[in-house]
Every structure is written in structure tokens, then in C-alpha cells.
Amino acid sequence: MKVLIILGHPRNPALCSALAAAYAQGARAAGMDVQELDLSALDFDFDVHTVSPRDQLFEPDLERARSLVAWADHLTFVYPGWWGVGPARLKGFLDRVLLPGFAFHERTDGQLEGLLGGRTAHLITTLDMPPWVYRFIYRAPGHNAMRRSTLGFCGIETTRVLALGPVRESDPARRSAWLERARALGFSLGQGARSPADRSARKLGAWLKALRLQFYPMTWGAYTLGALGAATFTGTWDPVAYWLGYAVLFFIEAATVFTNEWFDFESDRRNIHFGPFNGGSRVLVNGELSGRELGVGIVASMMAALACAGVLLDGAHSVAVVVALTATMVLGLGYTAPPLKFAWRGLGEIDVALTHSLVVIMLGYLLQGGAWVDPFPWLVSAPLFVAVLPAIILSGIPDLEADRQAGKATLAVRLGAPRALLLAAGLAALAAVLVLLLKDRPVLHGTFDGLLAVALPHALLLGVLIYRHWQEGAPPTRIDGLMAVALSYIVWFALLPLLHVW
């Protein structure tokens, strides 16, 4: 690892310089390639006098400093936390060196993106107060500014912060202990820039991110609607079958999102308009999980799903249950996995709508003793099926260019963004129309009562937002607000019927 230690104290010698030297000693002992930069010895103007800092004369010392930042894999800043933040020299250094075009740039969609990604950082700061006071009472303003607003903005991840104080009250023994802590922190680079606990937490966070848990309530709501609907008619409730059935769905959904990451890699890698509702979790693109780890996750999820399905089938359930379980697995994995690859053939939107309406409602219904020929699961699924489609179609608009380049023929790619928007608006209205046509059917027992009162205004809001984006020319950009409205529209078609059959 190439390590750059930046000493931000304006005086030398000082406690900070001793801490920087101790850290460097530990890092070199761990086999790191270490360079040191003492800001007190650099000759440069702290202030930015031009409109753009790029237009100002760049001093030779700053040129060397910038080349060292570009060279480094890991940066360590050592400085006193004066006025809760740090010295003016350090702030001036950051103002002058972290320039547009070097540390960050503006993308074509107007978003700012860091250019120093892949690097990590440690902060070592001295304080004239106990570190816990700085952190919990003052909320660590300097640390937050460095790790988030400055380094994080440029793509550098701060992995460890060592705060030492109060300095004024320290004796030689305490300072000696601090120097040892700095040396140990430098030596720990031999095991990577992150602590073992941090590595474990990051890996756990990556798996949770890959699971995309924000979408699971949709499946649970539809499945539970079917199960409770059957229980209403049969008068029986099998909790074991219910939970085993949902376990199958959970693990299939996990395997599905993992395979999406794997087979959508080319599209996700090209996508600059990714957001919380589109573009995948990006754990593979960002290197948070390896392909091998994701493969293990796929296999483990499918094994768990099959194990739960096996226990269910041991209960001598009907052929219809076998068909429903098989359909769930095939449609789930077939969304992006070959040979089906529905999402790549313009059928992914229908696939998602089926697996979040009829398929899971029918499974829940069958597991509680219902029959597949009963009209309830078919009728209650119809509006939900249509209500899911707008959100899935809209999610393809930010991904359109990346999908087209990767050869993924979503409906947004096939139709173009303007026509996809109009289709989404029409389907949102159709979902409400279906409720109007079906709500008085005796077999539904008032399941759709009150649904139009919330679905109609929500459909109008969604239509207005879609129309506004259409008027703007349907640019392939992030539409997080529109996606949130489209996804929340689905909730009414599962939640209100669910409350009626509860």
C-alpha cells in the first residue's frame, strides 16, 4: 500500500509531528511504501483568489503535493482540532489541491462525482477536550467535515479516526501512550486500512444492500393477502405452512436480486443514473462483494428455498402447490438469468408484476387450503398486477442508455422513454378502473372497499408527475421522486385488501 502522511500542524516540531512520525514508523514496519508531506514547509497561497480555483497559479509545492495525492492508495491526516475543525493551513491546502477535474467533476446529468475513489484515509487529531465531549456534545464537526464533506465528496473513504486529548492536561506518560497508539494504527495497515470490526460491518452491510430489502414488503403483502383470503373461506389457518411458504419466497427473492446483480453487471457498470429504486445495489460494481461471494449467495439462497419447499411438500400438499412453487422459482430467477432472461427480452416488467401479484397471492391461497379454480385469488390479483407495472416500466427510464448499450431490451428501451411514460400513466389509470369494475363482486366480500378513495387521487398525482417528465422530453435521468410515488401507489392495492381480510 502506498501511504501519504499529511501533517497539517503549522508548527514543527509539535505533538502532531511526533504523532505523524510514529504513524510513519508503524506503517513502514508493516511494509508500507510511505511518503510524508509537512504543510508547514510548503510555500503556497492559502486563499483562492479566482472564480475557479483551477484558474489560479499553481505553486510548485502544490504540484508535488497533488502528484503525491494521486500516487497514494491511503492518506493519513494529522492535525490539531483548533476551533473544532483544524488549522487554516490545512483548510487552505484542501481548497487549493482538491480541484475540479482532479478531485471531482460534474457529470453530464449535472451530478457531482468524486474522482479519488478507491482510496482510504485515517484521521489523527489532537484536542483540548476529552474526545467523548468532542464527539457526543459537539458532534465532531471537524471529523464530519473531513470524512464526509471533503474526503467523502471526492470519493475517499475515511476508515479510522484517532482523536487524542485533552492535550493541555496530558503528561509525558499520556503522550507516550498516544504515540504508541499512532504507531499501532500505522502498523495496522499491514492488515488493511479498516479494522476487523469495520471490515465485518462493511461486509454485513454489503450483503444487506445486495438483498434490497426495500422491495420485500411488496411480496409479503401480496402473499399474506392470498393466505388470509383463503383462511376467510376455509375457516382454517396453518401457521407452519404460512411461514414456510414465506421463507421460500424470501429466499427466492434473495436469489433473484443476487442473480440480477450478476447478469446485469454490464448495464449497472455503465449506468450513471442509478438510484435507490433502479440500477441494482451496485455491490458488484463497487467491489463491495466479489463475484465469487455473490455466487455463493445465489447457491445458498436457492438451497434454503428448496429446503423450505421440501418441508412444505412433505406435508402432502396438492399438485397446484408444486406448480405455484415451481412458477415462483422459474419466474424469479428467469428475470435476468439465462436461458429465459425476461428482463432482456422486454418481458421483465410482466415477470415482476406476476411475481408480485398473482403468483404469490395464489401460493398463499393454496397453502391455506384454497383451490386454484376459486375466483378470489384471480380477481384480487388483477388490479395489483396492473398497479405494479407502472413502477417497473418507470424504473427502466433512468437505466435506458446503459441498458441499450448492454443490449438489455426493457420496455423503456423498446418503446423509448416518452411512450414508456405514457404507457405507465395509462396502466396506473387502468388499475383503478379494474377496482371499479370488480369491487362489487360478491366473491370478493368487500375486499376493495375504500380503495378507490385513495387510489384515484394517487393515480392523478402519478399521472401529473409522469406528464411533467414527459413534457420535459423524458430525459434519461434519475427520477427518484416519481419512482417513490409509483411504488407507493402499489401499496394501496395490497394493503387495503389485506386489512379487509385480516
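A residue is called buried when its relative accessible area is under 20%, exposed when over 50%, and partly exposed in between (1.4 Å probe, protein chains only). The structure described here is a predicted model, in which local features need pLDDT of at least 70 and side-chain atom pairs count only at pLDDT 80 or more, while totals for chains, interfaces and linings use all residues. Residues are numbered from 1 along each chain as its sequence is written, and side-chain values use heavy atoms, with hydrogens and water left out.

Of the 502 residues in the protein, 51% are buried.

| Residue | Relative accessibility |
|---|---|
| Cys 16 | 1% |
| Cys 308 | 14% |

The structure holds 0 disulfides, a disulfide being a pair of cysteine sulfur atoms within 2.5 Å.

The protein has 20 helices and 7 strands; these are DSSP runs numbered from the N terminus, with at least four residues for helices (H or I) and at least two for strands (E). The axes of helix H18 (residues 417-438) and helix H19 (residues 451-471) come within 10 Å and cross at roughly 170°. H18 is therefore roughly antiparallel to H19, a term for angles over 145 degrees. Such axes are lines fitted to C-alpha atoms over the stretch in contact, and angles run from 0 to 180 degrees between N-to-C directions.

Contact means heavy atoms within 4.5 Å. Residues of H18 including Leu 421, Ala 425 and Val 435 meet residues of H19, among them Leu 456, Ile 466 and Trp 470.

Technical notes: Parallel < 35°, antiparallel > 145°, perpendicular 65-115°, else oblique.
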